[in-house]
Amino acid sequence: MGSSVRVFGSVLHKFSNGVSSKCPISSFSLQRTCLLGNYLTSSSSSTWVSFELKPKQHSARKIMTFSPVCMGRRSSKIAGRKGAQDAKKAKRYGKIGKEIISAVKKGGPNPVSNTLLATILEKAKELDVPKDILERNIKRASEKGQEAYIERLYEVYGYGGVGMVVEVLTDNVNRSVAAVRTVVKDCGGKMADSGSIMFKFRRARVANVKVADAEKDQILTVALDSGAEDVIEPTIHEDDSDDDDSERYYKIICPAENYTDIVSKLREEGIAFESENEMLPLTTIEVDDEAMDLNKDLMSKLLELDDVDAVYADQQ
């Protein structure tokens, strides 16, 4: 009898943990009937024992619908790439705007009589600079207090022996040099004396073509037929994917006398390009991953400065 009660109590405990019950029992006997949910157990006896078991009340389950805090690696990389492209485009437009102001200050707002302004406007057309940006800066040049922009080149030592040239177009030299010095110091670089880095670079007119926009053989054929000086292929790293093609470029080096022929040939072939005057390294330096990342961070921080239009490095 005692054993039966203990077993019955154990079963009851399993089903009624946290559940209210009613148990009008006057005595125990060999027969008991227990209604436990959907289960019915019985044996012959004269006494009924019944239980009313109520299911445990659970709080309503809540499903959170907020967006994830962090993106996957691929999404993050794509977002970062888009941000870099937008920043590059903003820099290009800003530089064109400053060049327009300087040209207007020197020769007036009429491109017919101001050949320098006409050249800049033609370059802006090639780069698809919005018309309102051009008009706004032509107007801005005539505003009282607007100074002409002048070019300055600052030389910097990066990590691993890498040299950098910082291209600045500014209407306040003291402001620009102070800003550049601060960033270089904060990022662990070092300002170099004039001429210490510059001899490692040369100025050249370059037509940049995205890897995703043309085949290598097509680029080489255009360059050969139109008298290009050289074609520099992009550096490809082990962890690069096909998506990185949007940030890799073939650089077609254009001699001044053949520039018109080269860009005309590119247009005939339907190849999109971006024309720039760039500082190209005569040789490149290979550094370890840590130095490469630190140099990229330094260059990125410099490009965030309003007065800085470009940063060139001889890092491979």
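Two strands are taken as paired if DSSP finds at least two bridges between them, and the strands themselves are DSSP runs (E, at least two residues), numbered, like the helices (H or I, at least four residues), from the N terminus. The structure described here is a predicted model, in which local features need pLDDT of at least 70 and side-chain atom pairs count only at pLDDT 80 or more, while totals for chains, interfaces and linings use all residues. Residues are numbered from 1 along each chain as its sequence is written, and side-chain values use heavy atoms, with hydrogens and water left out.

S6 runs antiparallel to strand S9 (residues 274-281), to which 8 bridges join it; here valine 206 has glutamate 276 of S9 as its bridge partner. S6 is also joined to strand S8 (residues 249-254), again antiparallel, by 6 bridges, and tyrosine 250 in S8 stands opposite valine 209.

The antiparallel pairing of S3 and S5 extends over 2 bridges, and valine 156 has methionine 191 of S5 as its bridge partner.

Attention now turns to the second largest pocket. On a 1 Å grid over the protein atoms alone, a pocket is an open set of points where a 1.4 Å probe fits, with protein on both sides within 12 Å along at least five of seven lines; lining residues have an atom within 4 Å of a point. The second largest pocket has a volume of about 530 Å³, volume being the space filled by probe spheres set on the points, which are joined across faces, edges and corners. Its lining comprises 23 residues, with Glu99, Leu116, Ile120, Lys123 and Asn277 nearest the centre. By class, the lining holds 8 nonpolar, 4 polar and 11 charged residues, where Asp, Glu, Lys and Arg count as charged, Ala, Val, Leu, Ile, Met, Phe, Trp, Tyr, Cys and Pro as nonpolar, and the others, Gly among them, as polar. The second largest pocket lies between domain 1 (79-142) and domain 2 (150-236 + 247-313), because both give residues to its lining; the domain bounds come from an automatic or database assignment.
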